[in-house]
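Please open the structure in a viewer and keep the selection panel at hand.

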Amino acid sequence: MDAADLWRAAGDRLGSTDFSRASADQLVSAAVPLVAELPAEVHRRVHEYRVRSAHSDVLLLRGLLPSVEFGPNPMASGAPLDTEQAQRGAMILLAVALLLGEPFNFRSLYDGQVVQHVVPVPRMENTQTSESSSGTLDWHVEDGFSPDRCDYFGLLCLRGAENAVTRYAAARDLRLPAEVRRVLAEPRFEMHADSAHVSPSVTKSVTPVLFGPDHALEICYDDHYLRPVDGDDEAKEALAELKEALDEAKAGHVLEPGDLIMLDNRRVVHARTPFRAAYDGHDRWLLRTMVCSSIARLHRHGSRII
Ligand SMILES: O=C(O)CCC(=O)C(=O)O
Ligand SMILES: [Fe+2]
């Protein structure tokens with residue numbers, strides 16, 4: 001199957017229904033049968049990624065979209081999926097996400113949309129949100145303040161931007177002195193909710209930064225929203241060393257149309273370099289969804305919008 005066939009199958013899933021105001025459950029249900037239409041190669045690669053944490057815990061699938069004109073950018077991350085093209089893209093993103101778990105979102109984030117837009121937004125250029133552009137989006141994990149943060153998140157590129165490098169660094173690739181590792185493994189850090197959340201139910205948590213066994217090290221980090229608890233200088237120095245180690249371990253990719261990148265949000269920290277937004281309707285445009293890979297956790301929430 002090639003990208004044109006997958007695109008057609010995604011259109012078949014939508015039929016004549018307009019999904020722009022569909023609920024999260026309706027969107028995901030529509031995408032479920034599309035899982036069977038994904039190329040066998042996609043199934044194989046996602047499975048390898050999920051069991052072996054291959055390639056630094058980041059999976060890049062390419063060529064998932066035919067050459068399509070996606071029309072003008074939506075105005076904000078939480079905007080509805082207004083066009084049929086965007087809805088087809090969402091179907092494809094959700095189908096891949098379903099191979100790793102259940103798509104979900106926080107009620108407090110981007111209107112609780114299960115598929116969000118990553119687009120530059122005027123006046124948000126220098127914020128630490130996915131609506132930024134001319135400012136660097138610094139190292140972070142998604143929603144590190146919450147134990148319910150996603151296990152994975154996927155970005156499907158509808159339209160790229162030349163200079164926008166999506167960067168990532170896996171916890172297990174970090175080179176750190178044992179003493180720094182020890183400090184980072186203690187719950188001496190406070191993670192706060194980022195500014196994209198509107199009235200989150202939890203606003204901060206105390207956490208270690210690195211945890212788990214060496215071969216499957218997990219990380220909870222954010223350049224801006226993580227700080228040492230109450231003037232702990234040793235913890236502060238450890239964070240400075242960690243930041244350098246992230247910069248040394250980093251890899252990156254400039255997303256192009258049809259690229260889908262999946263990041264393990266428990267083991268990988270990510271960032272994005274600055275790019276120019278023209279606000280001419282043809283700026284960079286990604287679709288994003290977050291995945292909960294624990295069915296037990298999903299049941300505990302009782303909803304995919306938590
Ligand atoms: O734009 C990117 O490449 C990354 C965006 C991002 O970090 C996010 O949406 O949380
Ligand atoms: Fe992010």
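This is a predicted model: local features need pLDDT of at least 70, side-chain atom pairs count only at pLDDT 80 or more; totals for chains, interfaces and linings use all residues.

**First stop: the two domains**

Colour residues 3-169 together with 252-301 as domain 1, and residues 173-244 as domain 2. The centres of the two domains, taken over C-alpha atoms, are separated by 25 Å. In the contact between them, 20 residues come from domain 1 and 26 residues from domain 2.

**Second stop: the largest cavity**

The model holds 2 cavities of 30 Å³ or more, and the largest cavity has a volume of about 370 Å³. Select S130, L137, H140, E142 and H270, which are the closest to its centre among the 31 residues of the lining.

Next, show the strands. At least two lining residues are supplied by each of β4 (137-140), β5 (152-159), β7 (189-192), β14 (268-272) and β15 (285-292). With 4 residues, β4 gives the most to the lining of the largest cavity. Colouring the lining by residue class gives 14 nonpolar, 9 polar and 8 charged residues.

Select F104, D148, C292, R297, L298, H301, S303, R304 and I306, the residues that line the second largest cavity. The space inside the second largest cavity is about 50 Å³. Its lining takes its largest share, 3 residues, from α8. By class, the lining of the second largest cavity divides into 4 nonpolar, 2 polar and 3 charged residues.

Remain at the second largest cavity and centre the view on R304, one of its lining residues. R304 is placed in the segment after α8 (295-301). Is R304 buried or exposed? Its relative accessibility is 13%, so R304 counts as buried, the limit for that class being under 20%.

Display the side chain of E102 as well: a polar contact of 3.0 Å joins it to the side chain of R304. Beyond the neighbours within four places in sequence, R304 is in contact with A24, D25, V28, E102, P103, F104, N105, V114 and L298. Of these contacts, F104 and L298 also belong to the lining of the second largest cavity.

Now select F106, P200, S201, V202 and I306, which lie nearest the centre of the largest pocket. The largest pocket is lined by 13 residues and has a volume of about 170 Å³. At least three residues of this lining come from each of domain 1 and domain 2. The lining of the largest pocket consists of 6 nonpolar, 5 polar and 2 charged residues.

Move to the loop between α2 (24-31) and α3 (40-52), where L34 lies. L34 is buried, because its relative accessible area is 0%. To show its surroundings, select L6, A9, A10, R13, M91, I92 and A95, the residues in contact with L34 once neighbours within four places in sequence are left aside. For a sense of scale, draw a distance from the C-alpha of L34 to that of L210: the two residues are 37 Å apart in space and 176 residues apart in sequence.

D111 is exposed, since its relative accessible area is 68%.

Finally, go to the loop between β11 (226-228) and α7 (233-249), where D230 is found. D230 is not a glycine, yet its phi is positive at about 30 degrees. With a relative accessible area of 72%, D230 is exposed.

Conventions: Residues are numbered from 1 along each chain as its sequence is written. Chains are lettered from A and ligands numbered from 1 in the order in which they are written. Side-chain values use heavy atoms; hydrogens and water are left out. On a 1 Å grid over the protein atoms alone, a cavity is a set of points where a 1.4 Å probe fits but cannot get out, and a pocket is an open set with protein on both sides within 12 Å along at least five of seven lines; lining residues have an atom within 4 Å of a point. Grid points are joined across faces, edges and corners, and a volume is the space filled by probe spheres set on the points. Ala, Val, Leu, Ile, Met, Phe, Trp, Tyr, Cys and Pro count as nonpolar, Asp, Glu, Lys and Arg as charged, and the others, Gly among them, as polar. Domain bounds come from an automatic or database domain assignment. Buried means under 20% relative accessible area, exposed over 50%, partly exposed in between (1.4 Å probe, protein chains only). A polar contact is a pair of N or O atoms within 3.5 Å; within protein, one must be able to donate a hydrogen and the other to accept it, and residues adjacent in sequence count only if both atoms are side-chain atoms. Contact means heavy atoms within 4.5 Å.
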